[in-house]
Amino acid sequence: MTMSLTLYSDRFWISPFVFSCYVTLKEKGVPFDLVELALDKQETRKPDYVAHTLTAKVPALEHDGFWLAESSAIIEYLDEQFPSPRVLPADSRQRARARQIMAWLRTDMDPLRRDRPTTVMFYEKSTQPPADDTRGCIERLYRVATALVPNGATSLFGEWSIADSELAFMLQRLGLNGDALPPSLHAFVEAQWSRPSVKGYLAHPRAPYVPYG
Ligand SMILES: N[C@@H](CCC(=O)N[C@@H](CS)C(=O)NCC(=O)O)C(=O)O
């Protein structure tokens, strides 16, 4: 019996949460299908999609009839189902640290998400400097990243993990829009941005952007 494995994405390819799941699947090298949903046409609200995903968001994964949403749940599920290669560190404490950073990026970066939405990474660049009240958030991000990434290193833990790509993605909201990143992080961001799995996401064809709320 052939396996079915499908990732549901937005059609603009701007979701940081889809990014993480897409990179995870590419790193694992498992064949998967893609379905693009038009969030601008409320396609995540269709009754079937809501029934399957419960939370009605992208990304969602369908694996042999099992549906799952929430990027962190999808990443952990994929790491259990397809353990080689792992995307989370093998070492328990490094894995815990990776989860700490990934949860923190998801919950503590709202001002930066507002001032540097992912549309300014993939469509029109930002013309506005970050608001004054976003400075604290940016400083936190730089402080944590420089504390964890050794000067000039290309990964957090000496070997790539999905936490690297997520951290680089958050930093690139700034880096791609002319904000100077700390020099000690340049090699890290460049290494992540040139990783084939990440490049696959960056280069994926995107529908012309239609604003939606
Ligand atoms: N916590 C979720 C966030 C997912 C999320 O917010 N997805 C957005 C796109 S980036 C979405 O589906 N929005 C459509 C909607 O809310 O109707 C995760 O990590 O997967």
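Q: Which residues are around the ligand here?
A: In this predicted model, the residues around the ligand are Ser15, Phe17, Leu39, Thr44, Arg45, Lys57, Val58, Pro59, Glu70 and Ser71.

Q: What does the side chain of Lys57 do there, in terms of distance to the ligand?
A: An N or O atom in the side chain of Lys57 is 2.8 Å from an oxygen atom of the ligand, and for the side chain of Ser71 an N or O atom is 2.6 Å from an oxygen atom of the ligand.

Q: And Val58, is it backbone or side chain that lies 2.8 Å from the ligand?
A: With Val58 it is a backbone N or O atom, which lies 2.8 Å from a nitrogen atom of the ligand.

Q: Is the peptide bond that joins Val58 and Pro59 cis or trans?
A: That bond between Val58 and Pro59 is cis, with omega about 5°, and Pro59 sits in the loop between helix 2 (47-53) and strand 3 (60-63). Leu54 has its place in the loop between helix 2 and strand 3, and its phi is near 70°, a positive value in a residue other than glycine.

Q: Switching topic, how do helix 4 and helix 8 cross?
A: The axes of helix 4 (residues 92-107) and helix 8 (residues 162-175) come within 9 Å and cross at roughly 30°, so the two helices are roughly parallel to each other.

Q: Which residues make that contact?
A: Helix 4 contributes Ala98, Met102, Leu105 and Arg106, while helix 8 contributes Ile162, Ala163, Glu166, Leu167 and Met170; this set divides into 7 nonpolar, no polar and 2 charged residues.

Methods
Residues numbered from 1 in each chain as written. Predicted model: local features only at pLDDT ≥ 70, side-chain atom pairs only at ≥ 80, totals over all residues. Heavy atoms only, no water. Axes fitted to C-alpha atoms, helices over the stretch in contact; angles between N-to-C directions. Helix = DSSP H or I, 4+ residues; strand = E, 2+ residues; numbered from the N terminus. Parallel < 35°, antiparallel > 145°, perpendicular 65-115°, else oblique. Contact = heavy atoms within 4.5 Å. Nonpolar A, V, L, I, M, F, W, Y, C, P; charged D, E, K, R; others polar. Near = heavy atom within 4 Å. Polar contact = N/O pair within 3.5 Å; in protein donor to acceptor, adjacent residues only side chain to side chain.
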